[in-house]
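Hello,

Here is the structure I promised to pass on to you. Have a look at it first, and then read on for what turned up in it.

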There are 2 protein chains.
Amino acid sequence: MTSLTQKSKYALKALFYLSRHYQPDQGVQTPVLIAELAEAEHIPRKFLEVILLELKHATLLQSRKGKGGGYWLSKKPQDIYLGHVIRIFEGPIAPIACVSKRHFEACQDCDDIDYCQVRYVMLKVKLAVLDILDKTSLADVLNADDLPIML
Amino acid sequence: MTSLTQKSKYALKALFYLSRHYQPDQGVQTPVLIAELAEAEHIPRKFLEVILLELKHATLLQSRKGKGGGYWLSKKPQDIYLGHVIRIFEGPIAPIACVSKRHFEACQDCDDIDYCQVRYVMLKVKLAVLDILDKTSLADVLNADDLPIML
DNA sequence: GCTATAAACTACTAATCCAGTAGGATATAT
DNA sequence: ATATATCCTACTGGATTAGTAGTTTATAGC
């Protein structure tokens, strides 16, 4: 349960990398090469290409082709939320479709959706997850003061 | 992300059903037929067979064959936690293996696991989910006073 | 002991998703 | 023109999901 795909993980790693290279006080950003990013984060290059392209189509990134080209964030790291990123690659963040707001779908086997015990719990899970992912930006994580992680 | 399989959902529905049929003050429980459960909860019968068997092997259920046979809970609904059930069917409840306690595995692409931003966030997600699933029993849900659900 | 009942078990399948890869097309700077 | 670097489409092998089919074993009642 609750598993993150490699694709989403790579996307987040790429965005964190680009966030670290973000220049706050300049309008124009220095592009980062796919090749550089792939090597630095140990992401298969061709796979990363596809991922960055999807992020661009989702308007989180901008790019330029040819010499001096590459990718950069289209907005500030504090304005990019993890929930948004994950939704791009994995669709709705809901353990079950009947608790999704925008992609709601009722279970075929459900008699009374308002009293379904499974739905009751999964709604709580969803809200707890969204409370993290939709409130945490790339910048929040980079500036976190409770690091290193201790399990 | 965070998606529940049909199998887990059916398992939970079956357990809630058996909880409703649990007789608190008696040592001996009245068996419930697979066929009855399948019809009442609209679960494919053969699939449910497999599911109940797995729950039995996980010691959450007991059963008897032949006439007068069926399935019943091997312990009280207040002693069966949702996290346990979900782990039986889906394995570890962790968005990524590097935040799992018992099934820990490091990412191959990770340079410094203690400062990994992805891991940092996914640990928070995991803790939030476990805080619900490992603290909520079947009985807790059946006795919930915040029903019906309002999205 | 025979018969009906009901769970137990093994093995298979079709469809979907995941984690990439291959190869060429297009845009840009010099 | 040429080198550089992104853009785009299509594909592949493996794993997982949601079941189904068919047979075997245990049990209760007569």
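How many bridges join strand S1 of chain A to strand S2 of chain A, and do the strands run parallel or antiparallel? There are 4 bridges between S1 (residues 61–64) and S2 (residues 70–73), and the two strands are antiparallel. Before going further, please keep in mind that this is a predicted model.

The hairpins

Let me stay with that pair of strands for a moment. Leu61(A) has Leu73(A) in S2(A) as its bridge partner. S1(A) and S2(A) make up a hairpin, with 5 residues between them. In its turn you will find Gly66(A), whose phi is positive at about 75°.

Leu61(B) has its bridge partner, Leu73(B), in S2(B). The hairpin of S1(B) and S2(B) also has 5 residues between the strands, and Gly66(B) in the turn has a positive phi of about 75°.

Chain A as a whole

Stepping back, chain A has 6 helices and 2 strands. Read from the N terminus, its elements follow the order α-α-α-β-β-α-α-α. The C-alpha trace of chain A spans about 60 × 35 × 30 Å along its principal axes. Chain A has 151 residues, and 35% of them are buried. If you take the contacts in chain A between residues at least 6 apart in sequence, 60% of them join residues at least 24 apart.

Chain B is superposed on chain A by a rotation of 180° with 0.0 Å of shift along the axis, and the RMSD is 0.0 Å. The two copies are therefore related as by a two-fold rotation axis. Both copies use the same surface, since 98% of the contact residues of chain B recur in chain A.

The contact itself draws 42 residues from chain B and 41 residues from chain A. On the side of chain B that touches chain A, helix H1 (6–20), helix H4 (82–90), helix H5 (117–133) and helix H6 (138–142) of chain B each give two or more residues. H5(B) provides the largest share of that side, with 12 residues. Sorted by class, the side of chain B that touches chain A holds 28 nonpolar, 5 polar and 9 charged residues.

Around the DNA

By class, the surface near DNA strand C has 8 nonpolar, 8 polar and 9 charged residues.

DNA strand D has 26 residues around it, and Ser63(A), Thr5(B), Gln6(B), Pro44(B) and Gly66(B) come nearest. Two or more residues of this surface come from each of helix H2 (34–41) and H3 of chain A, and H1 and H3 of chain B. H3(A) supplies the largest share of the surface near DNA strand D, with 5 residues. The surface near DNA strand D is made up of 9 nonpolar, 8 polar and 9 charged residues.

Backbone details

Leu147(A) and Pro148(A) are joined by a cis peptide bond, with omega about 0°. Pro148(A) sits in the segment after helix H6 (138–142) of chain A. In chain B, the peptide bond from Leu147(B) to Pro148(B) is cis, with omega near 0°, and Pro148(B) lies in the segment after H6 of chain B.

Where in chain B is His42(B) found? Its place is the loop between H2 and H3 of chain B. His42(B) is not a glycine, yet its phi is positive, at about 55°. His42(B) counts as partly exposed because it has 13 C-beta neighbours inside 10 Å.

Thr59(B), a residue other than glycine, has a positive phi too, near 65°. Thr59(B) is in the loop between H3 and S1 of chain B. With 9 other C-beta atoms within 10 Å, Thr59(B) is exposed.

Enjoy exploring it, and write back whenever you like.

Best wishes

How values were computed
Residues are numbered from 1 along each chain as its sequence is written. Chains are lettered from A and ligands numbered from 1 in the order in which they are written. This is a predicted model: local features need pLDDT of at least 70, side-chain atom pairs count only at pLDDT 80 or more; totals for chains, interfaces and linings use all residues. Copies are superposed by least squares on the C-alpha atoms of residues with pLDDT of at least 70 in both. Two residues are in contact if their C-beta atoms, placed from the backbone, lie within 7 Å. Ala, Val, Leu, Ile, Met, Phe, Trp, Tyr, Cys and Pro count as nonpolar, Asp, Glu, Lys and Arg as charged, and the others, Gly among them, as polar. Two strands pair if DSSP finds at least two bridges between them. A residue is buried if 20 or more other C-beta atoms lie within 10 Å of its own, exposed if 12 or fewer, and partly exposed in between; C-beta atoms are placed from the backbone. A residue is near a molecule or strand if its C-beta atom, placed from the backbone, lies within 6 Å of it.
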